[in-house]
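Visitor: Please take me through the sheet in this chain, strand by strand. I would also like to know what packs against it.

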Amino acid sequence: MNIKLVKLTVEYKKQLTDMMDEWLAVEKDFSPYAIRKNDYHDFEYYLENLETKEGEKPGFVPDSVYFCLDIDRNIFVGAVNIRHYLNESLYKSGGHIGDGIRPSERKKGYATAMIGLALEKCKELGINKVNFATELRAAATKAVRVALEDEAMIDPKKYMGPAREAVIE
């Protein structure tokens with residue numbers, strides 16, 4: 001696996017468009033929020049507003065957004081949003097790093113490798129203690145909803161197995 005974290009520039013417009021087109025065709029509410037908060041089709045605006053600067057928006061903290069580039073294939077496989085510090089809200093229900101891997105590249109080890117690179121960026125930013133939040137609850141809830149689409153699955157013994165498996169994944 002030959003990857004690196006890069007800041008978005010005009011050079012990577014095609015990689016961004018390909019990744020976002022794929023991702024949004026599959027799911028609308030994904031992490032990191034920072035890469036989906038603006039319309040990437042208006043590239044200039046998107047690039048200008050990708051990161052939050054200090055004091056820019058009440059309740060928001062400054063952040064840095066990096067895209068994970070698979071160097072050998074020249075594609076973006078995911079992205080990370082690193083918050084420079086946590087406010088009270090993020091401390092309770094978020095963390096320093098929001099991350100995500102595009103659907104076609106999941107289960108290939110990219111997330112683990114990308115988080116390792118993100119932790120290096122945290123160190124460069126002077127973040128020595130990183131707070132992580134996981135979304136295991138969301139994975140379990142989604143598995144239960146899918147199972148309950150089939151009326152035969154109303155028995156908890158039948159839908160808790162898929163929920164448990166989703167959390168393990």
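Guide: In this predicted model, four strands form an open sheet. Their order is β1-β2-β3-β4, and the pairing is antiparallel. The edges belong to β1 (3-6) and β4 (97-101). Each of these has a single partner strand, so one of its sides has no neighbour in the sheet. Neighbouring strands are turned against each other by 20° on average, direction ignored.

Now the helices. Helix α1 spans residues 13-26 and lies across β2, β3 (75-83) and β4. Its direction makes an angle of about 85° with β3. Helix α4, residues 110-124, lies across β1, β2, β3 and β4. Against β4, α4 runs at about 150°.

Next, the sheet in its chain. Along the sequence the pattern reads β-α-α-β-β-α-β-α-α-α. That makes six helices and four strands. Take the contacts between residues at least 6 apart in sequence: 54% of them join residues at least 24 apart.

Last, burial and surface. The chain has 169 residues, and 38% of them count as buried. Its accessible surface is about 10,300 Å². Carbon and sulfur atoms account for 53% of that area.

Conventions
Residues are numbered from 1 along each chain as its sequence is written. This is a predicted model: local features need pLDDT of at least 70, side-chain atom pairs count only at pLDDT 80 or more; totals for chains, interfaces and linings use all residues. Side-chain values use heavy atoms; hydrogens and water are left out. Helices (H or I, at least four residues) and strands (E, at least two) are DSSP runs, numbered from the N terminus. Buried means under 20% relative accessible area, exposed over 50%, partly exposed in between (1.4 Å probe, protein chains only). Contact means heavy atoms within 4.5 Å. Accessible areas come from the Shrake-Rupley method with a 1.4 Å probe; for residues, only the protein chains shown count as cover. Two strands pair if DSSP finds at least two bridges between them. Axes are lines fitted to C-alpha atoms, for helices over the stretch in contact, and angles run from 0 to 180 degrees between N-to-C directions.
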